[in-house]
Amino acid sequence: MGDLALSDPIIRSPLSAVNSNGAPVNAVSSEDPPAKSLKSFIETETEEQEEEETMQHQLDSIYSSDSATESDDLSSVDSKSEKTHQKNNAVHLTAHLPPPEAPPGMLTKINSTLHEEYHQIERSISAHVVQSVDVASIGRFFRDQKDLVSSAISRRISSLKENSDGDGESVTEIHLPGVKVVVKPNGESPPYSYIKGRVSFFSKSGCRDCGAVRSFFREVQLPYVEINLDVFPERMGELVERAGTTQVPQIFLNENHLGGLVVLNSLRNSGEFEKVVKNMCGKKCSDNAPKVPVYGFDHEETEGDKELDSLVGIVRILRHRLPIQDRFVRMKLVRNCFTGAELVDALDQHLDAGRQKAEEIGKELLTKHFIYHVFRESEFEDGQNNLYRFLEHDPSILKYFNFRASTNDSKAKSPAVIGQRLTKLMLAMLESYASQDKQHVDYTRIASSEEFRRYVNLVTELQRVDLSTLSEAETLSFFLNLHNAMVIHAVISVGQPGLIDRRSFFNDFQYLVGGYPYSLSTIKNGILRANRRQPYSFVKPFSSNDKRLELAVRKVNPLIHFGLCNGTKSSPPVRFFSPEGAEMELRQAAREFFRGPGLQVDLEKRAVRLTRIFKWYSADFGQDKEILKWVLGYLDSTKAGLLTHLLNDGGPVSISYQGFDWSLNS
């Protein structure tokens, strides 16, 4: 059999099926219209594809750049001729082979009993296909953008260096679209870079002259080491030996004693200070120079400071012998407790003393806050109905941030002495890690400082102090300072006050002081506000039989609101008070607060905008008109004059309250 051309009208394979009349099953009847042959179908498809490619090439030519050369046009003509040549030399398939199939998705097939038609799928269908997000491509895009920015910065810096022409001007800042780059040239050396030795000075917290020395060193960017004797009291003997005095500040250049503030000012005014520093600190300091303070270690305390309480031996025995267990009483489950009778029995057996003597020891244990009544109701009594527990077994012990694993068994110190030490440590922190106006505090640096580490150790001594020994003035300053110190500790430990639920900050962060828990809210509203309800609360901090009520101030002083800081931008700046000058210092705090935006007077609109503190604590200040009269005594002359004019001209005065910024004062 010879080769068959594609033009043969009907192709019948030897294996084709036939019907009863001998005609092939798939044959087309003479009465039906002639179907398209495979050859004509392939040629039609080839022509359509060539037309599309030609149109696409024309579109590409239209949108190509103006700089396209004539050779591009010639190449397009050659390409078209080549495609036409391929069309004329199309391959003819043999008739016995099955017809070729189009790739999936490119053709649609329409079947009927009479004919078959193939149509090329429209390209617009692909536009409706949902594409998945290529995360890897997005990542590559951002990496490429980063590389572009980096290269742009490098090119910009290189161009600036090339164009500088040796004029000596240093490049400090570069602006790119959306990017600000600060450049510090390598050739620029910091001041006093020639110093190989060490500049150090002895200081104390709250010392004005020490602050002047510190400010001068910072202003001239002179590296220095400060030895605060309130933080490192063990260095006092060294100061006396080196300088022959206990007065501060005392400045040392290497091992050489320079003097105090008077000498510093004399050298500064004469212009000789830098020369003296260069001569004395131009070489490495010897071992005779004041040592840099060692952080992370406590100094050796005296035997009196180490002394344990006289009852510690008895307490340690009772902790092992008493049957401490949970008990159900008054419809409540009381945990980790023992009865008064059990304690008396244990003391009687151990000391071989009568029950009366054992009961007296029990009362002393309760007075020294080794134990306490579970309901805080009565003194120690012998019997089965009175339940007590050790201080370390308090179920709320995890809320007490001045408690470390066990009770402080040292002999209780005076709360006034601890308060003074606490104030000095806090002042040292503010002097080193806060802005000059105390409006901004660097909590991160405080958290890693030696001052804060020693503060955390100090407040453990508050667990069993006797607060009843404080005078009224000492009580005021003690709780003002304790509140502000706890705020710093709370920010570091639990974070800043929340915008919605502030309970964890003001109520759940607590110290164990004198055997009782104190939160920030308890100190402010229970002690300093004479047991008044806090804003939006219906319950007073202390019940009528609460022992802490004995420490509350008798009369509320509204000025305390300007001495208390809660760690936010709208609150007064953090400060600490002395027992003998707390009242005067509170007045000064109010004056400084109202110099800022705490009170604003608009004479044209006859309006006064007050801090929201006045609205929250209106029970302490009075009504609107009373507030304006009260605040007059703490305003500067400008604001006082404007407010007096509004109050005396008989016209109406509009009073509104500012929003409170709860963001951290860092």
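The legends below describe close-up views of a predicted model.

Local features are taken only where pLDDT is at least 70, side-chain atom pairs count only at pLDDT 80 or more, and totals for chains, interfaces and linings use all residues. Residues are numbered from 1 along each chain as its sequence is written, and side-chain values use heavy atoms, with hydrogens and water left out.

**View 1. The whole protein.**
The protein has 22 helices and 17 strands; helices (H or I, at least four residues) and strands (E, at least two) are DSSP runs, numbered from the N terminus. Of its 666 residues, 37% are buried, where buried means under 20% relative accessible area and exposed over 50%, with partly exposed in between (1.4 Å probe, protein chains only). Among contacts between residues at least 6 apart in sequence, 66% join residues at least 24 apart; a contact means heavy atoms within 4.5 Å.

**View 2. Helix α18 and its surroundings.**
Helix α18 (residues 582-595) has 14 residues and spans 20 Å from its first C-alpha to its last, close to the 20 Å expected at 1.5 Å a residue; the expected span is 1.5 Å times one less than the number of residues. Its buried residues are Ala 582, Leu 586, Ala 589, Ala 590, Phe 593 and Phe 594. They lie on the same side of α18 because they cover an arc of only 125 degrees around the axis, the arc being that of the directions from the helix axis to the C-beta atoms. An α-helix has 3.6 residues a turn, so residues three or four places apart point the same way. Met 584 and Arg 595 are exposed on the face of α18 turned away from the buried side. The buried residues of α18 pack against α15 (472-494), β15 (599-602), α19 (612-616), α21 (624-631) and α22 (637-648).

β15 pairs with β16 (residues 607-610) in the antiparallel sense over four bridges; two strands pair if DSSP finds at least two bridges between them. Val 601 has Val 608 of β16 as its bridge partner. Four residues separate the strands of this hairpin, and Arg 606 takes a positive phi near 55 degrees. β16 also pairs with β17 (residues 654-657), here in the parallel sense and over four bridges. Leu 610 stands opposite Tyr 657 in β17.

**View 3. An open four-stranded sheet.**
Four strands are arranged in the order β9-β10-β12-β11, with antiparallel pairing. β9 (325-329) and β11 (371-373) are at the edges with a single partner strand each, so one side of each has no neighbour in the sheet. Neighbouring strands are turned by 55 degrees against each other on average, direction ignored. β11 is joined to β12 (residues 387-390) by three bridges, and His 373 has Tyr 388 of β12 as its bridge partner. Helix α11 (residues 355-367) packs on the sheet, touching β11 and β12, and its direction makes about 95 degrees with that of β11. Axes are lines fitted to C-alpha atoms, for helices over the stretch in contact, and angles run from 0 to 180 degrees between N-to-C directions.

**View 4. Helix α6.**
Leu 261, Leu 264 and Leu 267 are buried in helix α6 (residues 261-270). Their arc of only 130 degrees around the axis puts them on the same side of α6. Val 262 and Asn 269 are exposed on the face turned away from the buried side of α6. Cover for the buried residues of α6 includes α4 (208-219), β7 (250-253), β8 (256-259) and α7 (273-281). Gly 271, which follows α6, has a positive phi near 80 degrees.
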